[in-house]
Amino acid sequence: MSDHAANSPVHAARAHGHRAPRAEFYAYFVVILMGALPIALLGWIASALRHGRLPARGPFASAWFDAKAITPLIFRA
């Protein structure tokens, strides 16, 4: 009987030294999130003052969205 798990793409990638950089990804994500948070907060305050009402998406959600979009770009390069 053959072992089908031995030829799986995940196993083949790990055999060649490639692995999912989960810890590194989350480390970069947190750094980018912390950098984006003050900028998002300033933008949120400016938008609230300019339009006279609170934006639909809060500053944390906006920073989270930015970090979620930027972090994968680092790992694709």
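**Helix packing and aromatic contacts**

Helix α2 passes helix α3 in a right-handed crossing. The model is predicted. Helix α2 spans residues 22-51, and helix α3 spans residues 59-76. Their axes come within 7 Å and cross at roughly 140°. Angles over 145 degrees would count as roughly antiparallel, and the crossing of roughly 140° therefore leaves α2 oblique to α3. By class, the contact of α2 with α3 has 19 nonpolar, 2 polar and 3 charged residues.

Aromatic side chains were examined next. A pair of aromatic rings is described by the distance of the centres and the angle of the planes. The count comes to 5 aromatic pairs. One of them joins Phe25 and Phe75. The centres of these two rings are 5.5 Å apart, with 45° between the planes, and the pair is tilted. Phe25 lies in helix α2 and Phe75 in helix α3, so the pair ties together parts that are 50 residues apart in sequence. Phe25 is partly exposed, at 26% relative accessibility. Phe75 is also partly exposed, at 28% relative accessibility.

Phe60 and Trp64 form a tilted pair as well. Their ring centres are 5.9 Å apart, and their planes meet at 40°. Both residues belong to helix α3. Because Phe60 and Trp64 are 4 residues apart there, about one helical turn separates them. Phe60 has a relative accessible area of 45%, which makes this residue partly exposed. Trp64, at 40% relative accessibility, counts as partly exposed too.

Ring pairs also build a cluster. Its members are Phe25, Tyr26, Tyr28 and Phe75.

The charged end of Arg57 sits over the ring of Phe65. The distance to the ring centre is 4.7 Å.

Ala69 and Phe29 are 40 residues apart in sequence. In space, their C-alpha atoms are 9.7 Å apart. Ala69 counts as partly exposed, at 41% relative accessibility.

How values were computed:
Residues are numbered from 1 along each chain as its sequence is written. This is a predicted model: local features need pLDDT of at least 70, side-chain atom pairs count only at pLDDT 80 or more; totals for chains, interfaces and linings use all residues. Side-chain values use heavy atoms; hydrogens and water are left out. Axes are lines fitted to C-alpha atoms, for helices over the stretch in contact, and angles run from 0 to 180 degrees between N-to-C directions. Helices (H or I, at least four residues) and strands (E, at least two) are DSSP runs, numbered from the N terminus. Angles under 35 degrees count as roughly parallel, over 145 as roughly antiparallel, 65 to 115 as roughly perpendicular and the rest as oblique. A crossing is left-handed if the near helix is turned anticlockwise from the far one by less than a right angle, and right-handed if clockwise. Ala, Val, Leu, Ile, Met, Phe, Trp, Tyr, Cys and Pro count as nonpolar, Asp, Glu, Lys and Arg as charged, and the others, Gly among them, as polar. Rings of Phe, Tyr and Trp (its six-membered ring) pair if their centres lie within 6.5 Å; planes under 30 degrees apart count as stacked, over 60 as edge-to-face and the rest as tilted. Buried means under 20% relative accessible area, exposed over 50%, partly exposed in between (1.4 Å probe, protein chains only). A charge sits over a ring if NZ of Lys or CZ of Arg is within 6 Å of the ring centre and within 35 degrees of the ring normal.
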